[in-house]
Amino acid sequence: AGGQEPGAQPLIEAAESVSRQAREVSITVEKIRDVLRNVASQLAPIDLPDPIYGALLLAKADLNRYRIRLDTEGLEEPVTVLGDREQLQLVVHNLIRNAIEATGADGQLRLALHRHAKAVELEVADDGPGFPQGPVDLDGLLMASTKSEGMGIGLYVVRCAVDNHNGSLEIGRSDLGGASVRLRFPLATPA
């Protein structure tokens with residue numbers, strides 16, 4: 001077969017896969033750098049469920065590994081916002097990853113998209129330990145972490161990206177018993 005050593009094809013395919021994943025990681029790192037440098041986001045009309053489904057696809061292996069029960073609501077209907085698809089996918093993936101880490105094995109996670117007259121709200125809720133009871137000091141949580149290896153940069157990136165999208169961020173307790181993170185974005189107005 002073309003002068004290849006026997007068994008070389010799986011190695012070639014594995015190397016191509018690693019190379020493809022490295023390119024994706026590089027793009028993600030650049031997006032994080034842009035958010036942290038507060039580079040103006042390239043906002044264009046996008047269907048918000050698209051980056052949400054992209055984030056779920058990225059998290060699929062972890063969702064399966066930890067046997068997370070995933071519920072989704074409101075993702076079936078299109079909803080147009082002015083956004084940067086990759087930044088929003090990064091934000092949602094970060095929130096999903098945090099929820100998986102918080103719930104652990106056999107946890108529950110819900111992603112719900114709620115439409116309002118002039119805005120859309122995405123809630124990521126879990127049944128983990130959640131945020132402290134009472135009012136949550138968002139500024140106090142930024143750049144802090146409850147995880148031993150965590151640096152708290154994830155929530156900071158989320159907040160910066162939401163700010164770049166003229167949105168708002170609210171955290172609290174979910175009806176599942178754990179954390180609730182709500183991202184609110186203005187709907188795109190027809191041209």
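Colleague: Why is glutamate 121 called buried?

Modeller: This is a predicted model, and in it glutamate 121 has a relative accessible area of 11%. Buried means under 20%, so glutamate 121 counts as buried.

Colleague: Where does glutamate 121 lie, and what does it touch?

Modeller: Glutamate 121 lies in strand β5. Leaving out residues up to four places away in sequence, glutamate 121 touches Ala112, Leu113, His114, His116, Arg182, Leu183 and Arg184.

Colleague: What makes the link between the side chains of glutamate 121 and arginine 182 a polar contact?

Modeller: The distance there is 2.5 Å. The cut-off for a pair of N or O atoms is within 3.5 Å, where one must be able to donate a hydrogen and the other to accept it, so this pair qualifies as a polar contact.

Colleague: Okay, on to the core. What makes it a nonpolar core?

Modeller: The name goes to a set of buried residues of kinds such as Leu and Ile, joined through side-chain atoms within 4.5 Å. The largest one here has 35 residues, and Leu48, Ile52, Ile96 and Leu183 have the most contacts inside it. α3 gives the largest share, 7 residues.

Colleague: Which residues is leucine 48 in contact with, leaving aside its neighbours within four places in sequence?

Modeller: Val79, Val81, Leu88, Leu113, Val120 and Phe185. Contact means heavy atoms within 4.5 Å, so each of those has a heavy atom that close to one of leucine 48.

Colleague: And how much of the chain is buried?

Modeller: Buried residues make up 38% of the 191 residues. The chain has 5 helices and 7 strands.

Terms used: Residues are numbered from 1 along each chain as its sequence is written. This is a predicted model: local features need pLDDT of at least 70, side-chain atom pairs count only at pLDDT 80 or more; totals for chains, interfaces and linings use all residues. Side-chain values use heavy atoms; hydrogens and water are left out. Buried means under 20% relative accessible area, exposed over 50%, partly exposed in between (1.4 Å probe, protein chains only). Helices (H or I, at least four residues) and strands (E, at least two) are DSSP runs, numbered from the N terminus.
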